[in-house]
Amino acid sequence: MRNIIVSLAIAMAALPAFAANSVKATVNGMVCAFCAQGIEKTIAKMDATKAVFVDLKSKVVLVEAKEGKTLDQKAIGAAIVDAGYDVVKMEASTTSVDEMKAAAKSAKK
Amino acid sequence: MRVAFRLLALASASLLSWAAHAAPMGFKESWMVMGDLSPNWREGFANYAFTAKDAVGPSLLYMRSDDKTKTRELAEVAYTRLLKRWNLPHAQANVWFVGGVGALRGNDFSGTRTMATPGIQVDYETTRFYASAFGRLYRAEGINHDYAAARVGFSFFEADYDEVQPWAVLEVRRMRGLSDMTEVTPMLRLIHNRYFVELGVNNSKQLRFNFMHTF
């Protein structure tokens, strides 16, 4: 019984390792893909960034971290402001860029 | 020298009137190149955004009168400043200053004259609607080619960030001293996250081509 509990605890502790380590920013003013490219280009250059997704419809920028790296929320916020937009909310997320792209695609259908 | 000036004018001539078409500068620490090309108006400029609100760069403009008898070539350094921006949940509005100082040449006077070109652009945009107004003075000794333009457009559908979004845009513009007519140009605009192009035919049946690229 004790072995089962220990195994379960180990398995649960390992779960977050399989979830994406992302930052989700809700951004005001993001209405044009050509104008918003600065967000993607600047954040993609950051050392900890694995992928960036800009969703004009939901006004969300999702940044996924490389494995073992930590995203700098302050730097991401500053990059969005330098691109000309306002960040209204910034939160940690376990959604990956691929998952968000798939969700956006299925919502479109 | 004159050939070099013309080449320079052609290249950067495409850049100036771009200020009337969309955000006239890119994001911080980016370069933007722009062009607006038609038989009587060839404009180009490149600028570097040294802050999120300020950009500077060379600009070239070639203008020709409707009867093709009078021409102007302007080479200048232009400064762009975002004076005010409103970032709303589903829209963005801006007030821009665009102004330059440069050398003007014309086929009806000798030598060069110093020209100053201060202007203001206001614009409002959502993912489906765009409107802008642009006014700019083109002044040199004995010369007044003040310019005004207005644009309105709508997109056919809302697109994802990495999709091409087509727009229908109507531009009306007018300039003193070279043309007595108001130029009206319906255009097809294609926006992608890597490029911005417009193609249209004005009310004189002249082709117009505009582009923007940021890098």
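Visitor: What pattern does chain A follow, read along the sequence?
Guide: Chain A runs α-β-α-β-β-α-β-α. Helices (H or I, at least four residues) and strands (E, at least two) are DSSP runs, numbered from the N terminus. This is a predicted model, in which local features need pLDDT of at least 70, side-chain atom pairs count only at pLDDT 80 or more, and totals for chains, interfaces and linings use all residues. Residues are numbered from 1 along each chain as its sequence is written, while chains are lettered from A and ligands numbered from 1 in the order in which they are written.

Visitor: How many helices and strands does chain A come to?
Guide: Four helices and four strands.

Visitor: In what order do the strands of the open sheet in chain A lie?
Guide: The order is 2-3-1-4, with antiparallel pairing. Two strands pair if DSSP finds at least two bridges between them. The edge strands are strand 2 (49-55) and strand 4 (86-93) of chain A, each pairing on one side only. From one strand to the next, the twist averages 15 degrees.

Visitor: How many bridges join strand 1 of chain A to strand 3 of chain A?
Guide: Five, between strand 1 (residues 22-28) and strand 3 (residues 60-65) of chain A, which run antiparallel. A:Thr26, for example, has A:Val60 in strand 3 of chain A as its bridge partner.

Visitor: Which strands does helix 2 of chain A touch?
Guide: Helix 2 (residues 33-44) of chain A packs on the sheet and touches strand 2 and strand 3 of chain A. Its direction makes about 170 degrees with that of strand 2 of chain A. Helix 3 (residues 73-82) of chain A also packs on the sheet, touching strand 1, strand 3 and strand 4 of chain A, and its direction makes about 30 degrees with that of strand 1 of chain A. Axes here are lines fitted to C-alpha atoms, for helices over the stretch in contact, and angles run from 0 to 180 degrees between N-to-C directions.

Visitor: At what angle do the axes of helix 2 and helix 3 of chain A cross?
Guide: Roughly 145 degrees, and the axes come within 8 Å. Residues making the contact include A:Ile39 and A:Ile43 of helix 2 of chain A, and A:Ile76 and A:Ile80 of helix 3 of chain A. Two residues are in contact if their C-beta atoms, placed from the backbone, lie within 7 Å.

Visitor: And how do the residues of that contact divide by type?
Guide: Into five nonpolar, one polar and one charged. Ala, Val, Leu, Ile, Met, Phe, Trp, Tyr, Cys and Pro count as nonpolar, Asp, Glu, Lys and Arg as charged, and the others, Gly among them, as polar.

Visitor: Why does helix 4 of chain A lie largely in the open?
Guide: Because the number buried is one, of the twelve residues of helix 4 of chain A. A residue is buried if 20 or more other C-beta atoms lie within 10 Å of its own, exposed if 12 or fewer, and partly exposed in between, with C-beta atoms placed from the backbone. Over the 109 residues of chain A, 37% count as buried.

Visitor: Over to chain B. How many bridges join strand 4 of chain B to strand 5 of chain B?
Guide: 16 bridges, and the two strands run antiparallel. B:Ala75 has B:Ala103 in strand 5 of chain B as its bridge partner. A hairpin joins strand 4 to strand 5 of chain B through two residues.

Visitor: What about strand 5 and strand 7 of chain B, how many bridges there?
Guide: Seven bridges join strand 5 of chain B to strand 7 (residues 119-125) of chain B, again antiparallel. B:Val98 stands opposite B:Gly119 in strand 7 of chain B. Strand 5 of chain B also pairs with strand 6 (residues 113-116) of chain B, in the antiparallel sense over four bridges. Strand 5 and strand 6 of chain B form a hairpin with six residues between them, and B:Gly111 in the turn has a positive phi of about 75 degrees.

Visitor: How many residues does the contact take from each chain?
Guide: 25 residues from chain B and 22 residues from chain A. Strand 4 (71-88) and strand 5 (91-106) of chain B each supply at least two residues of the side of chain B that touches chain A. The largest share of that side, three residues, comes from strand 4 of chain B.
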